[in-house]
Structure formats: C-alpha cells, structure tokens
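Hi,

Here is the structure I promised to pass on to you. Have a look at it first, and then read my notes below.

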Amino acid sequence: MSTHQIFKHFQILPFACLLFTLLAQNSFAQISEDTYHQAEYFLSGNIQKEVYHMEVIPNWLDDKKSFWHQTYTEDGKRFFLTKIEKSTTKEAFDHAELAKLLSAKSGETFNDSNLPFSRIQLQNDGAVGFEWKNKSWIYTGGTVESTRSRSDSRDRSVSISPDGNWKAFMRNYNLFVENLETGDEIQLSFDGKKDYEYASYWGWSDMVLGENGERPEHFNVNWSPDSKKIQTQVVDLRLAEKMLLLDNSQDDKFRPQLMGYYRASPGDTNVVMYTPVLFDIESKKATKFSGLSLPHFIGLNLDWNDDSETLFGTYIHRGFKSFDILEINADTKQIRKVYSESSSTHINNNNIFRRLDNGQFILGTEKSGWNQLYLMDWKTGTLVNRITSGDYVVKNLLSVDEENKEMYFEAAGKEKGMNPYYSLVYKVNFDGSGLELLTPENAFHDISYRNGSSYFIDNYSTVDQPTVSVVRELKTGKIVHQVSTADISNLLKKGYQSPTQFSATAKDGTTKIYGVYYLPTDFNSKKTYPIIDYTYSGPHIDITPKTFKAGLIGLQQPMAELGFVVVTVDGLGTNGRGKAFNDVSYNNLGDGTTDHVLAIKELASKNDFMDLEKVGIFGHSAGGYDAARAMLLHPDFYKVGVASAGDHDHRMEKAWWPEMYMGYPVGDFYHEQSNITNAANLKGHLLLAHGGIDENVNPSATFKFAEALINAGKDFDLFIWPSRNHSFGRTDGDYFTKKRWDYFIEHLMGEKPVRHYQIQR
C-alpha cells in the first residue's frame, strides 16, 4: 500500500466511524411494534393492574365505622373490608369460593382474580350482594343465588310527597297532584304547553332526533318538608335555538341522522330559560318568580328550610360577575337578599355555603383575593367574624360540628416550603381561633369523608412517592389505621421513572409556576429527545399531576415511551393559586401557552437531553384550543401540534365557561383570540381532530378553522371520527391515540410509524 493510499485509508476511517454511529443512532430510534408495546403498558386499563393497592376509595357502611373498597393486588382484583375500630383490613369474602360457585351456576369459567362485578353490598348477616347479568345475587358462604331480575323500580315520572299522601306528576306539560288516599287529582298549572313546560329541565346531553323530534322527558319537583307546597320551574324553549349535528355512522341508515340539542353560546339571547314557580296545594295558587329567570346553563337551585316556611339558594347573575344569596317566604312570596357580592372579573359559581341551626351561615368567597371562610348572620347578612384568612385557598368544607363550634376543611398553599397545590386538612373554631393542621405530611392529601363519621380516609402521595392510604381520626388527624401502601415493584422492574417536578418563572417575571416532565423508561441521558407539551390551560382547573396516581395514569407517560420528553405545566391564569393568579386569563384565554414556552426553555437550559429545536404540543377540548392557539401564537417554537375536540372560537362554545372566564358581554377579544381569525399564522404541522357527534364541543368550530386554514393556503391534517362524541383519545387508548402518537413520531421525531397497527389493551 502506497503512502497516498495509507493516508487516504485513514481519512476514510473517521468518516466511516461517524457514518456507523449515525446509522446506529438512527437504528436505535427506529419505531417498531415493540415501541408501541412499551407505550401500551402505560395505558390506564393496563397500568392500573400493575400497581397493587394504588389507593383506597371507601364505600362506607351504615355504622360509619366500616367501609369496603376494591383494588388490584398480586392476586388480581380484590374487595376488602376495613373495620376501623378493630384496626383490620381483610378480604371482604372468599373470592376463590365465589368464583367456583359462579362458574358452577352459570356454566362459564370465572377466575377469582377478576370477578365479573365492581360493586358489592355487605349485609349485616355477612352476606354479599352484587349485580351480574342484569340480576341481583346474594353470596352466603357456600351458596350463591340470584334473587330477582335487576330493574330500576323507581318511577322517575312521578314524585311522592314526604308524608306519602300525594303524588306529583306532569300531564300535557302541566303539573298535577293526586291524593293517594282518595284518588282525586288537582291540576296546579294551566298555561303549560309544548316548549313552555312545568316541572321539567333540559339535560346536558339531551338530544332531539330529526327535524321535529321530541325532546327527552324529565320531571323534577321540590316538595316542602310538610308536604303542603311544591317548588319547581317552568322550562321555556320558545325562543331557544338548537345546535345541530349529523350522525353519519349508523349502520342501518343510508342518510345521516339529524341531531339537535339546546346549548347556548356566549352572548346568545335565544336560550332556554328557567323560571322558578311555587305551588300551594291547599289554595291551588301558583306564583311565578319571573324576576329570577335564568338561562338553563346557570339555573337556580332552591332548598327548603326545615320549617317549610322559607326557601333559600344562590342566584348567580349572567356573566358570573355577581351573586345573591336569597330567601323566599313561602307564604308572602317575598324575596329577601341575604347577602350579595360582585367582582370586576368573575365570582365562583360553586362557593362554599352552609346554613347553621343557630341563625348563622358559613360562606366561602374570594372577596379577599383568596377563597376564605366567613361566619355570617342569616337575618342581617352581615359579618360575624372571619374564620380563616391568609394567602392560601380553602378548597372544601369537610365537616361542621355546631355543638363544639368547630369545622374541618381542605386548603392548599398555606404551608411554607410545600408545593402550593398540595391539599391538606385543617381544623378551626367558629371564631377563627385554634387553627390546626391535621395532615402534616408533605404530600397531596386526597380525602374521603362521610358526613357524621368520626374518621376520614386519607390517600397521601406525590408524583414520585407512592400512595399511603390511612384512616385518620377527624378531631385530631391522628392515624388510627394504615390500610395499605401502593406496591410499585412491577413498575420498577420496567425501569419506570416517576415524573420529575420542576418550577419556572412565569411571564410576569416574578411568579413561580409549577410543572412536571416525563421520561421514557429506557431514557439515556447522552441522547437528546424531542419535547412534547401536554396542555389544558382551562382556568377552572389545574392539570399538572400532584398525586402518584395522576402522575402515572394519564396521556403523558405512554407518549414519553415513544421517545419523547413530555412536559405539563400550570401557568398564570389557571386554578388553585388565588384570584389574582386566576384572573390573568380573564379576557385573555388565548395567552395561556406563553408560560409553557418560558417554562420549557428554562427547563431545557438545565437539561441537555431536551431538544429545543423539536417541540410539539397536544391537547383536548379547551386543551385542543390551546394546542392550535400555541401553533399560531408561537409558530417558531412549536413545530408540531395535535388539537382534538378543540373549541377554536369561544364565540361558538357552550356559554357558561367562556362567559365566566373569558368575559361577558362578548368583546373584540373573542375575535382577536380566535384560532379561526389567526389561521394564517400557521407554520408547522397541525393535526385537527373531532368527534362527529360531539355535543360538548360542537365540531363546527373545527370545520370553520379548517376552512380558514384552507383559505390561507396552509397545509394541515384533519381527522373526523364519525361515531364519537367528546370522548376519544383518552387514557385507555383507542384508534385516535395511535394516530396522535404517529403524528409526533413522523413530524417531530422524523421516524416512520408502523402502519395499520392496532393498539392492544
């Protein structure tokens, strides 16, 4: 070999080594069926069976000292009975014996690891009841027998009075009562007719089929405790307009099925209205409270006082900027405003409210900027004293002990050095003194409590600390029995790494925001990974997982298994951190993902394995709007997006959500933040998806957005699932799940998906 040839040979060697390395890397990243299998392992239907004793969801028995729960163990699905005061948790019955008995009884083969029911009834004599094959069954040691065909014996078209003497029902859209002793009927209303209907309501998903189809029938009345009066409402559909859908998926039809439903959009005046009405059976008098009429998406729920003399409830004004607590005198029909509150943005539509027997009431509101508890006088509506105060959020009132003037509540953000989203349980006196933390562990405490019990169940965990399930004494918080601890040994064998918590600085330059990121189980810190942002910046919730279960069972880990780093973050404008934090998104829902961009950049600056040149985003429903909006607002940052069931223009969305959090009346900001308006900004790859019969978020906005993209000359992809409503692409995996995976594999990772592969569950 000449000197020239030797020199040339050594020049080729580095190139050959580099080429081999690149080919090896490419081969390492190649997508195969095994890649999908890795992801499938973490779909919710599979992964929930891999963690033993994930949590305890109690089904309390009548004594309020015992409960049963169902969970997965190394022996499969099991039912357990806990007797708190004996500090025991044992299997509720002999699963193996029952499996044999059912097999013999039915001729089918049953395994004791997966009995064919999910609920039981534990009887005082030790017998176990359950429902199977539309029959009720009773298992008593050694025997199992069916007792009757399962049927819902309650007639929902009538309502029996508390004293058992009257039956209320509707006929020809009017309200009647029948004396059950004499059989005499009394007609209480006379002006009811089609579309102006007494004692009814409009259901969330009620459908009218065809052009002149009948709406589903509903009956609802509210008897006074003394059985002398009925409070109900008139449902007025006369001016209301329907949203429409076409179902093209029915096998036995060769024309699409027209489907209609009433769902107002922001600012609409042609909506279903509810008007409260009160009937006196003895005098046969009816009183309509026309001044209290409200759109059906708000409504007014009234409760009777125990003495039957008054009704009370919370009246939320349209736009959700103010509310009144009202009292109605059932005899004089006078309406009294007990308390009123307003906000320049929005008030809570689910304020804590509890009437007390001593002429006072407990109220939870955000009027201080943080949801706090106040003790109020019922007669005057004035403040007695503040119960809680501070820069933290009271989330729920668990229990009120009027005799000892104590209450128990859940709150987040009070403890320094702890994640501000972690929910904890506190005890406090009516006068605000004696505030005491009952659940001190640095974790999220998921609480189950039955009113009147001396105990509560606490499932405490973090995304990287498996769940510990304990019974605590209500008064002290003392742990009196540990039920279980989650066993994650199967996950660890798979190489599972829990999501990693992180914090970043929000767009205001000062506020700390929180998130988590997910890595694949075969993570290699020497590689770089594309980043995917899972988004839902809807201001009524926060979606970053806080518990071990939420961190494990979701859309993120299966996506990470394909070879991505998946990030979820709660930015400014979302829920759980006080009113000022939440109000950032008021009139401004379109800017929710700016915090995501900043958080991902800050996170990537600390982690070399994150590839900032390859960032994608996906979301569903309000998250579908977010994902598409992010592609238009940050077109140079997000390269690939998948937006499913998106409400791409809030003017076309159901009214309550945008009117409360985006603003009412509808202003120019709706137009400016519409994805349809901004379609021309698209640069990257975008997949739009929608269910063909989605009554929650009507597909019309996705079609309008698609039309706008076409008019702007933008390339995009569109997927319509003809037979699906709002529920697709969820944690259990389906056809769209794989399509979403493939879109990121192809356009963000640059790999070739496996065609025609079906997800195995």
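The side chain of Asp734 reaches the backbone nitrogen of Phe736 at 3.0 Å. The model is predicted, so local features need pLDDT of at least 70 and side-chain atom pairs pLDDT 80 or more, while totals for chains, interfaces and linings use all residues. Residues are numbered from 1 along each chain as its sequence is written, and side-chain values use heavy atoms, leaving out hydrogens and water.

A polar atom of the Asp734 side chain also lies 2.7 Å from the backbone nitrogen of Gly729. Polar contacts here are pairs of N or O atoms within 3.5 Å; within protein, one must be able to donate a hydrogen and the other to accept it, and residues adjacent in sequence count only if both atoms are side-chain atoms. Asp734 is buried, with a relative accessible area of 10% (buried is under 20%, exposed over 50%, partly exposed in between, with a 1.4 Å probe and protein chains only).

Now to the rings. The structure holds 40 aromatic pairs (rings of Phe, Tyr and Trp, the last by its six-membered ring, with centres within 6.5 Å; planes under 30 degrees apart are stacked, over 60 edge-to-face, the rest tilted). The rings of Phe117 and Phe130 are stacked, because their centres are 4.2 Å apart and their planes at 20°. Phe117 is buried at 5% relative accessible area, and Phe130 is buried at 0%. Phe353 and Trp378 form a tilted pair, 6.2 Å centre to centre with 40° between the planes.

Enjoy exploring!
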